[in-house]
Amino acid sequence: MAKVGPPRARGSYRGRGQRRPPTWEISDSDTEGAASAEADSEAATRARDPAEERRAAAEALRLLRPEQALRRLTVLVDPAILEDAGADILMEALGSLGCEYHIEPQRPSRSLRWSRVKPEPCLKSVPAELLAAGEQELLLLLEPEEFLQGVFQLTQICGPTCSVPWISPESPTCPHLAVIGLDAYLWSHQPNAQEMRRLESPGTACAEVVVGWPEVEEALVLLQLWANLDVLLVASWQELSQHVCAFTKALAQRPFKCLQESKAFSFCTAGRWVAGERVTRDGTGLRGAWWRQIRQFNRVSPAVADAVVTAFPSPRLLQKAYLACSTEQERLALLADLPVKVDGGGQLRRVGPDLSRRICLFLTSTNPDLLLDLSS
């Protein structure tokens, strides 16, 4: 029996002994892979471009400004709210506000929700939690009678372990309650003497008349403590519309304020903010930022700041000089004798012991409540 060996690795002979030329096949997946790799490389190049990053950051900041964010905010109104005659006031207020509003069924009924338009690509650099601000907000409108029934349940029937009315435990939203005309409803449903005698008889219970302002105030405290639930009591649809508009404006301003609060101070090296010093990546501008920081102390002129920065061009050099001092008094008086150039000649000035002490405490003290300026 002939032994069958492994196939030849370099090809086979065909016909009259001619060798078949090697061939290569290019599949569609290889082409797609090369195209996607090229696209990823271009995207990475654009991402690394500092100018492109600055333009994207500037555009994202523009879209986050309150006037722009308000246009991208949508108020979702449940159709059941429109059944009330005063709902036209709310719709007119939303129309004049500048944001969009849609009539869509909501759960629970008679509620309002806030939603944002799909973010632009330039907003991808903004933290998602900033853009999601307000997505979980919900305002539920209750009739006075319905609210008083829940108050009766909270204050007289249930204990601390009961479930809060009007709220689903599975709902991830942050609900707020609004009741229109509760005060007028309570005044119009006060029991007279005959009804009070009937209520005092055994076996009589009526949530409409036995619940008054003391029970309402107790229920408000319970709702705040148990469920962190706010209740808005308004007298008219006009007051409710003003509250909804103010709340909508606050939601539009929230991302921009959070982004501004997360930024560094004006003298930090991350960039420019308000009138801050521009600092580049190679360190250009650090001396100016240090000069501005000295100028922030009370009663410090530009000439005094020039004297300090000329002697110690950076805070690190000044800290090293403080570490080299042997006593506390020497550190406090380190800058006191620095000469200050005065325009037009005249008497030679010095930095002085007061500013020398304040700068030393500013750079060396670990007490956050320490008062640097004794004259303030």
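# Briefing on a predicted protein model

At 23% relative accessibility, Ser314 counts as partly exposed, a class that lies between buried (under 20% relative accessible area) and exposed (over 50%), computed with a 1.4 Å probe on protein chains only. The structure is a predicted model, in which local features need pLDDT of at least 70 and side-chain atom pairs count only at pLDDT 80 or more, while totals for chains, interfaces and linings use all residues. Residues are numbered from 1 along each chain as its sequence is written, and side-chain values use heavy atoms, with hydrogens and water left out.

**Overall composition**

- The secondary structure of the protein comprises 16 helices and 10 strands; these are DSSP runs numbered from the N terminus, with helices being H or I runs of at least four residues and strands being E runs of at least two.
- Of the 376 residues in the protein, 33% are buried.

- Helix H12 covers residues 286–295 and helix H13 covers residues 302–311; their axes come within 9 Å and cross at roughly 130 degrees.
- These axes are lines fitted to C-alpha atoms, for helices over the stretch in contact, and the angles run from 0 to 180 degrees between N-to-C directions.
- H12 and H13 are therefore oblique to each other, since angles under 35 degrees count as roughly parallel, over 145 as roughly antiparallel, 65 to 115 as roughly perpendicular and the rest as oblique.
- The contact involves Arg287, Trp290, Trp291, Ile294 and Arg295 on the H12 side, and Pro302, Ala305, Asp306, Val308, Val309 and Thr310 on the H13 side.
- By class, the residues in the contact of H12 with H13 are 7 nonpolar, 1 polar and 3 charged; Ala, Val, Leu, Ile, Met, Phe, Trp, Tyr, Cys and Pro count as nonpolar, Asp, Glu, Lys and Arg as charged, and the others, Gly among them, as polar.
- The loop between H12 and H13 contains Arg299, which has a positive phi of about 60 degrees although it is not a glycine.
- With a relative accessible area of 56%, Arg299 is exposed.
- Ser314 belongs to the loop between H13 and helix H14 (315–324).
- From C-alpha to C-alpha, Ser314 is 9.7 Å from Gly288 in space, although the two are 26 residues apart in sequence.

**Helices H14 and H16**

- The axes of H14 and helix H16 (residues 353–364) come within 11 Å, with a crossing angle of roughly 95 degrees.
- This angle makes H14 roughly perpendicular to H16.
- In H14, Leu318, Gln319 and Tyr322 meet Ser356, Ile359, Cys360, Leu363 and Thr364 of H16.
- The contact of H14 with H16 contains 5 nonpolar and 3 polar residues, and no charged residues.

**Strand S5 and its partners**

- Strand S5 (residues 111–116) is mostly covered, with 5 of its 6 residues buried.
- Strand S3 (residues 73–77) runs antiparallel to S5, and 5 bridges join the two; strands pair if DSSP finds at least two bridges between them.
- Within S3, Val77 stands opposite Leu112 of S5.
- Strand S6 (residues 137–142) is also antiparallel to S5, joined to S5 by 3 bridges.
- Ser111 has Leu140 of S6 opposite.

**The loop between S4 and S5**

- Pro108 is located in the loop between strand S4 (100–103) and S5.
- The peptide bond from Arg107 to Pro108 is cis, with omega near 0 degrees.
- Arg110 is found in the loop between S4 and S5, and its phi is near 60 degrees, a positive value in a residue other than glycine.
- The relative accessible area of Arg110 is 17%, so Arg110 is buried.

- Helix H11 (residues 237–261) includes Ser241, which counts as buried because its relative accessibility is 2%.
- Leaving aside residues up to four places away in sequence, Ser241 touches Ile89, Leu90 and Ala93.
- Thr248 is also placed in H11, and its relative accessible area of 0% makes Thr248 buried.
- Leaving aside residues up to four places away in sequence, Thr248 touches Leu70, Leu73, Val75, Leu97, Cys99 and Trp114.

How values were computed: Contact = heavy atoms within 4.5 Å.
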